[in-house]
Every structure is written in structure tokens, then in C-alpha cells.
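Biologist: Thanks for making time for this. Could you walk me through this model, one question after another?

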Amino acid sequence: MKIMGDFDYEVKEGKYIAFKNKEQQRFTRAKTIGANYTEDSIKNRIQNKDKEVGNIIDIKSSKKVKSSKSYENWATMHNLKTTSETMVLIHEKGYASIHELEKDLSKLSLNSNDLRKEFKARELEQKRIKEIVKDLQICVNKQAHYDGYKKNPNDKIYKMINKKDIESYEKAYAEIEVFIKQFPHLKNIVVNGLKQNDNKFLFKSLNNRSKILQSEMYTIAMKHDEMKAKFEKLNNLKLNIDQFIGEFGEPKKSIVKEIEKDRIQRSKNVVIKQEKVNAKLKNSNIELR
């Protein structure tokens, strides 16, 4: 919050956190940017900052590794440490094996595709509602002319006088029939509205449907963003493991053993550092005496 304030952003806290810079007239809710920017998501990333792991360095392709033996040693230790942290995080997330992680990633990918299809279906329906309004308006306005023609189809004079209105009605109604076939759940609204010649009921009903679609699209988009964020985090963990395995070729060397060796070595380093600190403190106490 303080950092945003330093950049001349006004912060409003309430049900939803919102920001506004000096050039804006209205506040922007953080959640509208995406699921990663809701207040809970921001807090979660801050609280779990230390749990984030780095990426595996591609030792085989790195020019720096080839030109520097010390960097190669450092990169090797970095990869062991990163893989160790990755495995710990995978287990913390409830996965007993990489296979379980891969199954969950596959499931997330399928569910994400389903959500995109749901979103596109609603987006298309909303678009078609906007397009069909013009044809519905024509039918409402030309209804009387067309009804007069249907009552007396052999009246050539009436047909000649109202030819343009009749043709406009028939063309518009043909589009409406296509719309009804495409969205049969809207048939009653459209047919009843035209029968009653009640354009107020008809357009209000379609406008309400469009608002419902907009709300559903927003909910789907939020779910999709949350799912995408989860997929990316889990996939990064899997990529770390995949790259580590690739670095060692066929895993004849046990990855678990390599990770355990790294963990033991780091534990030893901590003990050595602590012993050095204790020795310094002891020497300081002797000098003070």
C-alpha cells in the first residue's frame, strides 16, 4: 500500500481493494485486472513469497557454463537446491508423485478448455442478441402491414402499395427464425413478444438476458484466470523436475538421492556456520574478561 502511495496512487480499502492515480476520475478495483490481483491473491503471494522456487539452469546449453568451471559448479548446486525445493513444494501441495501432479495438470487443462468454450458460447449469444434487435424492431414496426397482406394475399393493390414493408418483414423474420433455431431457449420470449406486438416486453426480456450472460461471462473469466494461475505454478514445478531429469539423461542416478545429498550438505553447512558463530562469541567473551 505504501509503495502504491509513493507512486501517487490513492488506495481505497473496503469490500474490494481499489486504486486511483491522479489522472483517473474513478477508482479501479484490483480484482477487475484478473484473479491474480484480488486482495486475497495479493496477500497470498506476499505471505508465500519465501515458498516460491527458482528455475533450473540449462547447463547443457549455457554458454556461461562452458566458459566457466566455477559457474558450472555453482549452477549444478543451484539446480540441486532448486529441485530439492521443488520436490518439497510438490509434496506440500499434496502430491505423492510426479504422476499425480501430471494428472492434475491434465485435468486443469481440460477444465480450462471447457471454461473457454462456455465463455465463447455466452459471448456469441450476447452478440447475436444485439444483432437480432434490429430485425425484431422491423417486425414490430411492419407487423400491421404484413398482417393485412396475410389476410388478403390476393389483393394485388394492397401488396403493391405495401410491397417494401412486406418484403422488409419477411427478410427480418427469416433472420429471427435462424436466431430461434440457434438459441431455442429464447423462442418463447421472441415468439410471444411478436405475437403480442409488445416491443417493451420483448426488448426488456432480451436486455435482461444479455445482463445475465455478462454476469456469467465475468464469473467464468474469474474461474478461468484462477485455474490458469494454478496451472502455471504447478507446470513450472513440473518443468523444473523435467529439466533436472533431462540434465542427468535417463535417471540412472536417483534424483531422490541427489536431492538428499544436497539437503545433507546444506544441513552440514548450517552446522559449520553455527559453530563458527559460537567460536567467535566465545572468543569475544574471553577478550571482554
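Modeller: Gladly, and let me begin with a cut-off: a residue is called buried under 20% relative accessible area, exposed over 50%, and partly exposed in between. Please keep in mind that this is a predicted model.

Biologist: With those cut-offs, how does glutamate 216 count?

Modeller: The relative accessibility of glutamate 216 is 29%.

Biologist: Which side chain does glutamate 216 meet in a salt bridge?

Modeller: A salt bridge needs a side-chain nitrogen of Lys or Arg within 4 Å of a carboxyl oxygen of Asp or Glu. For glutamate 216 the N to O distance is 2.8 Å, and the side chain it meets is that of arginine 122.

Biologist: How many residues apart in sequence are the parts that this pair ties together?

Modeller: Arginine 122, partly exposed at 23% relative accessibility, lies in helix H5 (residues 98-151). Glutamate 216 lies in helix H9 (residues 199-247), so the pair ties together parts whose separation in sequence is 94 residues.

Biologist: And what is the overall pattern along the sequence?

Modeller: The protein has 10 helices and three strands. Read along the sequence, they follow the pattern α-β-β-β-α-α-α-α-α-α-α-α-α.

Biologist: In what order do the strands lie in the sheet?

Modeller: The three strands form an open sheet with antiparallel pairing. Strand S1 (9-12) and strand S3 (28-29) stand at the edges with a single partner strand each, so one side of each is left without a neighbour in the sheet. The order is S1-S2-S3.

Biologist: Which residue of S3 stands opposite alanine 18?

Modeller: S1 and strand S2 (residues 18-21) pair over four bridges, and two bridges join S2 to S3. In S2, alanine 18 is the bridge partner of lysine 12, while phenylalanine 19 is the partner of valine 11. In S3, alanine 18 stands opposite arginine 29.

Biologist: Are the residues on the two faces of S2 buried or exposed?

Modeller: On one side are Ala18 and Lys20, and on the other are Phe19 and Asn21. Both faces are covered, and these four residues are all buried.

Biologist: Back to charges: how many salt bridges are there by this rule?

Modeller: One of them joins lysine 69 to glutamate 72, with the closest N and O atoms 3.5 Å apart. Being three residues apart in helix H4 (residues 69-92), these two are separated by about one helical turn. Lysine 69 is exposed at 56%, whereas glutamate 72 is partly exposed at 26%. By this rule, the count comes to seven.

Biologist: Which residues are linked with Lys238 in a network of salt bridges?

Modeller: Lysine 238 and aspartate 242 both lie in helix H9, four residues apart, and their side chains meet at 2.6 Å, N to O. Lysine 238 counts as buried at 17%, while aspartate 242 is partly exposed at 30%. The residues linked with Lys238 in the network are Glu102 and Asp242.

Biologist: What is the nearest side chain of opposite charge to aspartate 135?

Modeller: Aspartate 135 lies in helix H5 and is buried, yet has no salt bridge. Leaving aside neighbours within four places in sequence, aspartate 135 is in contact with Ala172, Glu175 and Ile176. The nearest side chain of opposite charge is 6.2 Å away, and it belongs to arginine 128.

Biologist: How many aromatic pairs are there, and what angle lies between the planes of phenylalanine 179 and phenylalanine 183?

Modeller: By this rule, the count comes to five aromatic pairs. Phenylalanine 179 and phenylalanine 183 form a tilted pair, 5.3 Å centre to centre, and both residues are buried. The angle between their planes is 55 degrees.

Biologist: Which tyrosines do ring pairs link into a cluster?

Modeller: Rings pair if their centres lie within 6.5 Å. The cluster linked by such pairs consists of Tyr146, Tyr149, Tyr169 and Tyr173.

Biologist: Last one: what share of the accessible surface belongs to carbon and sulfur atoms?

Modeller: Of the 289 residues of the protein, 28% count as buried. The accessible surface comes to about 20800 Å², and the share belonging to carbon and sulfur atoms is 52%.

Notes
Residues numbered from 1 in each chain as written. Predicted model: local features only at pLDDT ≥ 70, side-chain atom pairs only at ≥ 80, totals over all residues. Heavy atoms only, no water. Buried < 20%, exposed > 50% of the residue type's maximum accessible area, 1.4 Å probe, protein only. Pairing = 2+ DSSP bridges. Areas by Shrake-Rupley, 256 points an atom, 1.4 Å probe, with all protein chains shown as cover. Lys, Arg positive; Asp, Glu negative; His and termini not counted. Contact = heavy atoms within 4.5 Å. Phe/Tyr/Trp six-rings, centres within 6.5 Å; stacked < 30°, edge-to-face > 60°.
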